[in-house]
Amino acid sequence: MDATTLLLLGQDSLISGAIYALLAVTMVMVFSVTRVLFIPQGEFVTYGALTLAALEAGRVPGTAWLLLGVGAVAAVLAMTRARQTLTFLKAIRILIIDVGLPALLLLIVHWAAPLKLGLVPEMLLTLALVVPLGPLVYRIAFQPLAEASILVLLIVAVGVHMGMTGLGLVFFGPEGYQTSAFSDAVFELGFMNISAQSIWVVTTTAALLLGLYLFFEKTVSGKMLRAAAISRRGARLVGISTDRTGYLAFTLTALIGAVSGLMIGSLTTIYYDSGFIIGLKGFVAAILGGLHSYPLAAAAALLVGTVESFSSYSASAFKEVIVFTIIIPVLLWRSIFRPPVEHLE
Amino acid sequence: MSLLTVADLSVAYGRIQAVQGVALDIAAGSIVTVIGANGAGKTSLLNAVMGLLPARGEVTFRGEAMARCPTEKRFSLGMSLVTESRDLFTTMSIEDNLILGANRCGRREIVQRMAEVFARFPRLKERSTQLAGTLSGGERQMLAMGRALMARPQLLMLDEPSLGLAPIIVREIFHIISDLRDNGVAILLVEQNARAALQVADYAYVMELGLVTMDGPASQLAGDPRVIESYLGFGGADTNTA
């Protein structure tokens, strides 16, 4: 392996490591706030990338219809759940938010898609379509089970993953798509070529991680999420509703998943089921970080990215095997040397 | 007028009845204590009033029925509960814990309320950046009370505030409790330290095996031979040793 290959693989590691870091950090956050191991995290990456690809091609992305459908289901559930206290005004409010807004978005997309407004408006439109799916998924699948055990929540998460992959096939079709890069520029650094896209990915990731850090440390909403993660009962006792922190955590996770999708859509071809493996790698990093430490999870994600790049170079047939195998010694180590985590049950 | 009325409240864990048909009443700005041995159902009673436990019966707060209210709603109506385990945010600073106690308020309001809490608990101010998990038992109790007070509750419920604390700290806490009452906060105090509780309270209930077996003005119960025998020991008449 010569220096050029090494640098090339290093660059590759950094890019995939950055994406995995985002997924790992949000996975840790969702788990600590809601106790859900959110396996379908990767689906938001897929949805983000494929929605942008459809908009770039001037088509109405399936997500627009999907959002309307999911919103309608959530509205029906919300009204059934509140049936004893439901007033006419409340029902109207639910309908406007859960069905009206997605319908409005659908109209906007129908108008905007054929115009091909350019990358930035299309990205914003993508986020507007994909991000609301996060809190909606929480409301439909997890909120009614807020007090269930971690195992039940995990089983539901696997179910949601299967559902979202299936819906991905229905709404995006079986073909793979690649989006255009944020920028096509390539810089030469010594004997190495650095694409502007990779710089975009790394800086966007760094900015998002910094933003998350500031959100958790400096804002009351961020502190509320941390508080709910430390003590659910303590949080309820100061009026922090676990529903609200759940929405917030799932909104953040959908946002970061979708942004990751926008970033990698141009680096690799994304199919309706590509998200699973990407999400699993974020999951491996989250586990390596012990499912509670954000910096450890982010660092582990870089390790996962590195192992993946180098193993795809030297043993490409086994690259996934090698990546997923590194979880075993860590689990062994943790089960032997660390006491069981108290807050699990 | 009563601030909180509890009528025919029952809590069951499976087939075990922890609280059976309890009724109690708290007037605004008064201290009411519930005393009783371990396992009498005192904690279950408080948790049910706060909405943390499912219960049958009626809880009326400020004239509103609480049956459908989740804990968060009861909190925003002016109820606060300091649990026996304190439920602090252990890996966050004292300051952050207090901020979260008033998480619906604006920044200026939070600063003002925090100053009031610090005035009442100067020890918390000295350590405002320290993590809650590193505090001593007494400081934890103060922080838990301070966090509850950040919401300016009308009813503060305290579950065993003196548990495991040094006598000098217990005296301080009880001093603060009566001072809070003088400032118009109603207090529902659950205690095993019956002597201290009866001294500070206006009215008292005795719970045994999930039932209220006695109630009356605190001074009167403190002189009741049955209470003296069961909860105050034979030195019950000497009220200066709290």
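B:Arg152 lies in the loop between helix 6 (137-149) and strand 7 (155-159) of chain B. Helices (H or I, at least four residues) and strands (E, at least two) are DSSP runs, numbered from the N terminus. The model is predicted: local features need pLDDT of at least 70, side-chain atom pairs count only at pLDDT 80 or more, and totals for chains, interfaces and linings use all residues. Residues are numbered from 1 along each chain as its sequence is written, chains are lettered from A and ligands numbered from 1 in the order written, and side-chain values use heavy atoms, with hydrogens and water left out.

Phi of B:Arg152 is near 50°, a positive value in a residue other than glycine. Most residues other than glycine have a negative phi. B:Arg152 counts as partly exposed because its relative accessibility is 37%. The classes are buried (under 20% relative accessible area), exposed (over 50%) and partly exposed (in between), with a 1.4 Å probe and protein chains only.

B:Arg86 also has a positive phi, near 70°. Its loop runs between strand 6 (79-82) and helix 3 (94-101) of chain B. At 9% relative accessibility, B:Arg86 counts as buried.

## Chain A overall

Chain A has 15 helices and two strands. Its radius of gyration is 21 Å, close to the 20 Å that the globule rule gives for 345 residues, so chain A is as compact as a globular protein of that length. The radius is taken over C-alpha atoms; the rule is 2.2 Å times the number of residues to the power 0.38.

Buried residues make up 51% of the 345 in chain A. Of its contacts (heavy atoms within 4.5 Å) with a separation of 6 or more, 77% join residues 24 or more positions apart.

## Helices of chain A

Helix 12 (residues 274-288) has 15 residues and should span 21 Å at 1.5 Å a residue; its end C-alpha atoms are 22 Å apart, which agrees. The expected span is 1.5 Å times one less than the number of residues.

Helix 6 (residues 133-142) has nine of its ten residues buried, so it is largely enclosed by the rest of the structure. Among the buried ones are A:Tyr138 and A:Arg139.

Helix 8 (residues 196-218) holds A:Thr205. A:Thr205 counts as buried, at 4% relative accessibility. Leaving out residues up to four places away in sequence, A:Thr205 touches A:Ala18, A:Leu22 and A:Met263.
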